[in-house]
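Open the model in your viewer and keep the sequence panel beside it. This tour goes stop by stop: what to select, then what is there.

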Amino acid sequence: MEKTCTEVWNSCLQIIKDNIPNQSFKTWFEPISALKLEGKVLTIQVPSLFFYEWLEEHYVGLLRKTVKKQLGDEGRLEYNIVVDKSSSTGSPYTTNMPSNGNGAEAKSQSMPIPVSINKDIKNPFIIPGLKKLNVDPQLNPNYTFDNYIEGDCNRLARSAGYAVAAKPGGTSFNPLMIYGGVGLGKTHLAQAIGNEIKRSVPDKLVIYVSCEKFCQQFVDSLKNNTINDFVNFYQAMDVIIMDDVHNFAGKEKTQDIFFHIFNHLHQSGKQVILTSDKAPKDLAGLEERLLSRFKWGLSADLQVPDLETRVAILKKKMYADGIELPGEVVEYVAHNIDNNVRELEGAMVSLLAQSTLNKKDIDLALAKQMLKNFIKNTSKEISMEYIQKLVCEYFEVPVDMVKSQTRKREIVQARQISMYLSKSHTKSSLKTIGAFFGGRDHSTVIYACQTVEDLIETDKKFKAYVNDIQKKLKMS
């Protein structure tokens, strides 16, 4: 029986998923859909030209092997690429491209806008009346790639940023939009790109400006009748880093002027880097034509860092400040402060201040006392709900499956460990524990606890799992 394109692609995905990190799979392969299968040629649809280039550069070998495994040695892969016309009336169209192992160069769309750049450019960052200096990039020198810890939460954005820094204006990541919640490192990463460009190519004109600052400069230029100088200054830049572009919302005239500046820079092969608290599609109050340009390059999100990344961030901070803290204190802070990097570093600063000013060692008890303003519900009693959530997060299994009747090994293991820890860390009876975990009786709980105890004694790997979760519970 002939397989459909969807069946062939799903079989390929099963192999690919086992060979790459889970975050990479979600980012690069889940958005792909199978389109058709003609003979030995499988056509898949990818959402953008950038996707095509990235797959061809980073995963072409893996894709070829999996396709040939499903379709034989003559199996081939073709891409159907969704291309945005980027016009107010045009709808997206598609184009086909073969898999050849070479990422295609992204072609900038031509937007001829007559702009005259004067040689005598006034810098809006310099107070009128003072001697004009070289353009100050307005960058914080402490924001570098070296002190920007990489993790699954930011790997795509950091990699794209490094590529932009190596070849500003010469990649398909133009503009590069970095978006994410408060305190996740958008400004740090954007400025790290600028600092790296200035380090490697000092002659490049780089400017960092917040959206609010840009808007204020525009208003001032209108008042002072210096709008041409304002526009000419920004159009003369090689790299513009615009922070918090969501603040353009509702400012129609400022959006219009930035639209023309953006068009000129993009057509001239200059680099634009943007940050926002939302993805372009979720930004409200911005003109459609401006949003369309924001979508031309790459939009990379920053997520809340996982525990390992948070620990690495704290250790980097300690190393930079020449301070040592006990491992259990570092893990306590990292485990309990999981909102954003800014709060995490703020908590560490408080600890370092206590250690330095009072010349005393920080232990876990003192850390808990000092950080009570940072950590919510520090004295909360451990509940079965919390144990179940912690175990499920640890083994990456759905919470609702633990209470189901499934006999899948990983689910049964998570359920038995949850029961064992509930018996050890709560005052609940066996009957109550059994009822909580899917209406099971007390004998099931006894069996689960005995099974866990036996495995702890005979299986070193299993024992490490349980000890690790126990440690996390103690940190709670």
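A residue counts as buried when its relative accessible area is under 20%. With a relative accessible area of 2%, Cys392 is therefore buried. Keep that cut-off in mind, since several stops rely on it. Keep in mind too that this is a predicted model.

**Whole chain**

Show the protein chain as a cartoon. It has 20 helices and nine strands. Color by burial next. Of the 476 residues in the protein chain, 45% are buried. Now turn to contacts between residues at least 6 apart in sequence. In the protein chain, 72% of these join residues at least 24 apart.

**The five-stranded sheet**

Select E6, E7, E8, E5 and E9. These five strands form an open sheet, in the order E6-E7-E8-E5-E9, and the pairing is parallel. E6 and E9 (298-302) stand at the edges. Each has a single partner strand, so one side of each lacks a neighbour in the sheet. From one strand to the next, the twist averages 15°. As a reminder, strands of a sheet pair through backbone hydrogen bonds, either parallel or antiparallel.

- Select E6 (residues 206-210) with E7. Five bridges pair them in the parallel sense. Val209 stands opposite Met242 in E7.
- Move on to E7 with E8 (residues 271-276). They pair over four bridges, again in the parallel sense. Ile240 stands opposite Val272 in E8. Ile241 stands opposite Ile273 in E8.
- Four bridges join E5 to E8, and the two run parallel. The bridge partner of Ile178 in E8 is Thr275.
- Finish with E5 and E9. Five bridges join this parallel pair. Tyr179 stands opposite Asp301 in E9.

**Two covered strands**

Show side chains on E7 (residues 239-243). In a regular strand the side chains alternate between the two faces of the sheet. Which residues lie on each side of E7? Val239, Ile241 and Asp243 are on one side, with Ile240 and Met242 on the other. All of these are buried, so both faces of E7 are covered. The count for the strand is five of five residues buried.

Do likewise for E8. Gln271, Ile273 and Thr275 lie on one side, and Val272, Leu274 and Ser276 on the other. Both faces are covered here as well. Because six of its six residues are buried, E8 is largely enclosed by the rest of the structure.

**The crossover and its helix partner**

E7, H9 and E8 make a right-handed β-α-β unit.

The axes of H8 and H9 come within 9 Å and cross at roughly 35°. The crossing is right-handed. Which residues meet between the two helices? From H8, select Ile227, Phe230, Val231, Tyr234 and Gln235. They meet Ile257, His260, Ile261, His264 and Leu265 in H9.

**Thr254**

Stay on H9 and pick Thr254, which is found in this helix. Is Thr254 buried or exposed? Thr254 counts as buried, at 6% relative accessibility. Leave out residues up to four places away in sequence. Thr254 then touches Phe214, Cys215, Phe218 and Phe248.

**The cysteines**

Select it together with Cys211. Cys211 is buried, with a relative accessible area of 0%. Its closest cysteine sulfur is the one in Cys215. A disulfide requires the pair of sulfur atoms to be within 2.5 Å. By this rule, the count of disulfides is zero.

**Gln413**

Last stop: H17 (residues 409-425). Gln413 is found in this helix. At 18% relative accessibility, Gln413 counts as buried, because the cut-off is under 20%. Set aside its neighbours within four places in sequence. Gln413 is then in contact with Phe395 and Phe462. Finally, select Val402, 11 residues away along the chain from Gln413. The C-alpha atoms of Gln413 and Val402 are separated by 9.2 Å.

Methods: Residues numbered from 1 in each chain as written. Predicted model: local features only at pLDDT ≥ 70, side-chain atom pairs only at ≥ 80, totals over all residues. Heavy atoms only, no water. Buried < 20%, exposed > 50% of the residue type's maximum accessible area, 1.4 Å probe, protein only. Pairing = 2+ DSSP bridges. Right-handed = clockwise from strand over helix to strand, strands pointing away. Axes fitted to C-alpha atoms, helices over the stretch in contact; angles between N-to-C directions. Left-handed = near helix turned anticlockwise from the far one by under 90°. Contact = heavy atoms within 4.5 Å.
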